[in-house]
Amino acid sequence: MPPAWTLRAWPPVYRAVGQPLPRHFEHHGTHVFSTDAHARTPAGQTMWVWPCDDGHVGVAWDWVQVSRGVVAMLDPMAVLTNLKLLGDAGEVLTAWQAARHLNAIVVALPWQREVHRALEGGGDRAAAPAPRRRALPTTAAPVPIPR
């Protein structure tokens, strides 16, 4: 799995908040590491990818095991993505404004199952090989907002 921060280098994909958000993401990989060497609290990152007509949308976030069998997002405000959500006036939403929409994507994914598989396997769990991304033109215009 590539580092989650690489999503910032992926070509942006624009989507109006009025459009249905993608639900068909594919598990791209889950990385397990520990945040505290003394407590041995398992934590890590997971990445999911949605191949769409405009390229590939990736989302990734950190997770932590809060108790045996229970994992949670470490910070719901820190979902990394190349998805640029557009508001009613066509403006790109701020991270704060986009957070609830990105969290709706996270909640709809079976990510906890993949994290549990990675924890049971004792380490990383990579999904299928990385998708080949289509390059977007550098002058890609935002998607028009449906009225």
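Figure 1. Trp48 stands opposite Val59 in strand 4, in a predicted model for which local features need pLDDT of at least 70, side-chain atom pairs count only at pLDDT 80 or more, and totals for chains, interfaces and linings use all residues. Residues are numbered from 1 along each chain as its sequence is written, and side-chain values use heavy atoms, with hydrogens and water left out. Strand 3 and strand 4 run antiparallel and are joined by 10 bridges, and the two form a hairpin with two residues between them; strands count as paired if DSSP finds at least two bridges between them. Strand 3, residues 42-52, is mostly covered, since nine of its 11 residues are buried, where buried means under 20% relative accessible area, exposed over 50%, and partly exposed in between, with a 1.4 Å probe and protein chains only.

**Figure 2. The whole chain as context for the close-ups.** The secondary structure comes to two helices and eight strands, arranged along the sequence in the pattern β-β-β-β-β-β-β-α-α-β; helices (H or I, at least four residues) and strands (E, at least two) are DSSP runs, numbered from the N terminus. Of the 147 residues in the protein, 39% are buried. Among contacts between residues at least 6 apart in sequence, 59% join residues at least 24 apart, a contact being heavy atoms within 4.5 Å.

**Figure 3. Surroundings of Val71.** Val71 is found in strand 5 and has a relative accessible area of 7%, so Val71 is buried. Not counting residues up to four places away in sequence, Val71 touches Trp63, Val64, Gln65, Val66, Trp111, Gln112, Val115, His116 and Leu119. The C-alpha atoms of Val71 and Arg113 are separated by 9.5 Å, although these residues are 42 apart along the chain.

**Figure 4. The buried side of helix 2.** Trp111, Glu114, Val115 and Ala118 are buried in helix 2. They lie on the same side of helix 2 because they cover an arc of only 100° around the axis, the arc being that of the directions from the helix axis to the C-beta atoms.

**Figure 5. Course and cover of helix 1.** Helix 1, residues 95-108, has 14 residues and reaches 19 Å from its first C-alpha to its last, close to the 20 Å expected at 1.5 Å a residue; the expected span is 1.5 Å times one less than the number of residues. At His101 helix 1 bends by about 25°, the bend being the angle between axes fitted to the seven residues ending there and the seven starting there. Buried in helix 1 are Ala98, Ala99, His101, Leu102, Asn103, Ile105 and Val106, and what covers the buried residues of helix 1 includes strand 4 (55-67), strand 5 (70-73), strand 6 (80-81), strand 7 (83-86) and helix 2 (111-121).

Figure 6. Asn103 has its place in helix 1 and counts as buried because its relative accessibility is 15%. A polar atom of the Asn103 side chain lies 2.9 Å from the backbone oxygen of Pro76, and, leaving aside neighbours within four places in sequence, Asn103 is in contact with Met73 and Pro76. Gln97 also lies in helix 1, but counts as partly exposed at 38% relative accessibility. The side chain of Gln97 reaches the backbone nitrogen of Thr94 at 2.8 Å, while the C-alpha atoms of Gln97 and Gly87, 10 residues apart along the chain, are separated by 9.1 Å.

Note on methods. A polar contact is a pair of N or O atoms within 3.5 Å; within protein, one must be able to donate a hydrogen and the other to accept it, and residues adjacent in sequence count only if both atoms are side-chain atoms.
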